[in-house]
Structures are given as C-alpha cells and as structure tokens.
Amino acid sequence: MRKFDLIIIGTGSGNSIIGPEHDEWDIALVERGLFGGTCLNVGCIPSKMFVYAAEIAELAARVGPSLGIDTQMNGVNWLQIRDRVFGRIDPIAAGGEDYRKSLDHVTVFQHDARFVGPKALKVGDETITADHIVLAAGARPFVPDIPGLAEAGFHTSDSIMRVDELPGRIVVLGGGYIATELGNVFGQFGTDVTFILRSDRMLRAEDHEVRDRFTEIYTKKFKTRINTNVLSAHRDGDE
C-alpha cells in the first residue's frame, strides 16, 4: 500500500488546496473526469457563456423590435457557439492536468476512488493511504427514477451543452435554476422547449415573490406543465 502525505479526490476546488507550503509533501490527486471540476467544465462558466449568446439572440428577436429597432433573429450556428465555448474551456482543463502531472511531488490518478478500509482507498488497481484525505468530489446531476427513461435516452446538464446538433424539441424535467437556465438557452436559440414541474412554481427554493414573477414570465415564453408527475418515458421514432 503506497502511503502519501495527502490525498485529494477531485480537481475542482480540491485542486486549489495545493500550494507552495506543500512543496515537501507527497500528494495524490484523484480525478476520474476532466480537470477543473464542475464549475469550469459543466457548470457556471460554460453555462454563462451560452447564456450570453442566448441573451443576444433574445435581444435581436424580441427586445430590439419592441424599442423600434429593426433587428431579427434568423437562427444560430450551434456548432460555432458550442465550439467557441469549449474551445476556451477545454485547453484550461488540459493545461491544469498537464501542470499537475509535471510536478515531482504530485501523483495523478485518473480513476474512481473508493474507501476499502480506514484511510485506505482503492484507485484503479492500486490501494493508497494518507494521514490527510480531502473529499472534493463536487456535484453530479440527479436522474429521476422514471420507468423507461434510461431506455429512451436523456441528457443532463453535464452533456446537453456538448450535443452535436441543436435539438428541435426538448422536454425539461424540473424548474430549478439549472433547468430554467439551460432551457432558456435552447429556447432562445430556436428549440421548442416544454418544462414539466411537479409543483406549480419554478425556482421553488427562492423567495416567493421572485418565484411567482419568474414563473409568470417563463410560462409566457415556454410551454409549461405544472403540478405534473412523469409516469414513464419512451421513444417514438426519433423523439
């Protein structure tokens, strides 16, 4: 069993732990996916870059004409938008990975990690231990247990921003901030969007006045099914 001074699981906020004060430490860094964590790769940063493009589309389609300005939204080049976003982000993730691998006192394990004993982790085919272990595994999307959903196929916020084609129609299950943010992005780009909510309000964790006003605006912009439970899912042809 190889012993380290410090094991860090996750390279989002966990990656920022390593500083000059650790130059003499033997450190294991465990990451099964992209370096940089949720925010850089599948969260705040790419989503806001998409949001900005969607806002420009909405300004051209709706806001300009309402102010007497002759603007139109004649469609989007999805691949150009997508590749601009990840063309900026992916090199940052790759650069972070290369830098950590270049350090003599840091060993990068690109595997899942699981505890197999007190302070003992199985990483790939190897078991490692350390006096200090930091769990910084980040967030992951919740997939509801809906009969047929796995067979029908679905996207989460992790995958929808990297699709190769702009969807003609999407159904968004939920009305939280991630669902409404990404649903709006695709809606402004021309996708036919339907939200399905178990309750009668979007953003139900927010202040009730924000929640009510937001729901009022979104139900005017998008098809919305409220107080609706999804019983099952299936694929009909290509949809």
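Rings of Phe, Tyr and Trp (its six-membered ring) were taken to pair if their centres lie within 6.5 Å, with planes under 30 degrees apart counted as stacked, over 60 as edge-to-face and the rest as tilted. The structure is a predicted model, in which local features need pLDDT of at least 70 and side-chain atom pairs count only at pLDDT 80 or more, while totals for chains, interfaces and linings use all residues. Residues are numbered from 1 along each chain as its sequence is written, and side-chain values use heavy atoms, with hydrogens and water left out.

Under the ring criterion, the count comes to nine aromatic pairs. In one of these, the ring centres of phenylalanine 4 and phenylalanine 109 are 6.0 Å apart and the planes stand at 85 degrees, so the pair is edge-to-face. Phenylalanine 4 belongs to strand β1 and phenylalanine 109 to strand β3 (residues 106-109), so the pair ties together parts that are 105 residues apart in sequence; strands (E, at least two residues) and helices (H or I, at least four) are DSSP runs, numbered from the N terminus. Phenylalanine 4 is buried, at 1% relative accessible area, and phenylalanine 109 is buried at 7%, where buried means under 20% relative accessible area, exposed over 50% and partly exposed in between (1.4 Å probe, protein chains only).

Tryptophan 78 and phenylalanine 189 form a further edge-to-face pair, with 6.2 Å from centre to centre and 65 degrees between the planes. Tryptophan 78 lies in helix α3 and phenylalanine 189 in helix α5, so this pair ties together parts that are 111 residues apart in sequence. Tryptophan 78 is buried, with a relative accessible area of 4%, as is phenylalanine 189, with 3%. One aromatic cluster is formed by Phe50, Trp78, Phe86, Phe186 and Phe189. The charged end of arginine 162 sits over the ring of phenylalanine 86, 3.8 Å from the ring centre; the criterion requires NZ of Lys or CZ of Arg within 6 Å of the centre and within 35 degrees of the ring normal.

Of the 13 residues of α5, 11 are buried, so this helix is largely enclosed by the rest of the structure. The buried residues include Phe186 and Phe189. Among the elements covering them are α2 (44-66), α3 (78-102) and β7 (169-173). Just after α5, glycine 190 takes a positive phi of about 115 degrees.

A search of the whole structure finds zero disulfides, defined as pairs of cysteine sulfur atoms within 2.5 Å. Cysteine 39 is partly exposed at 34% relative accessible area, and cysteine 44 is partly exposed at 42%.

Definitions and conventions: Contact means heavy atoms within 4.5 Å.
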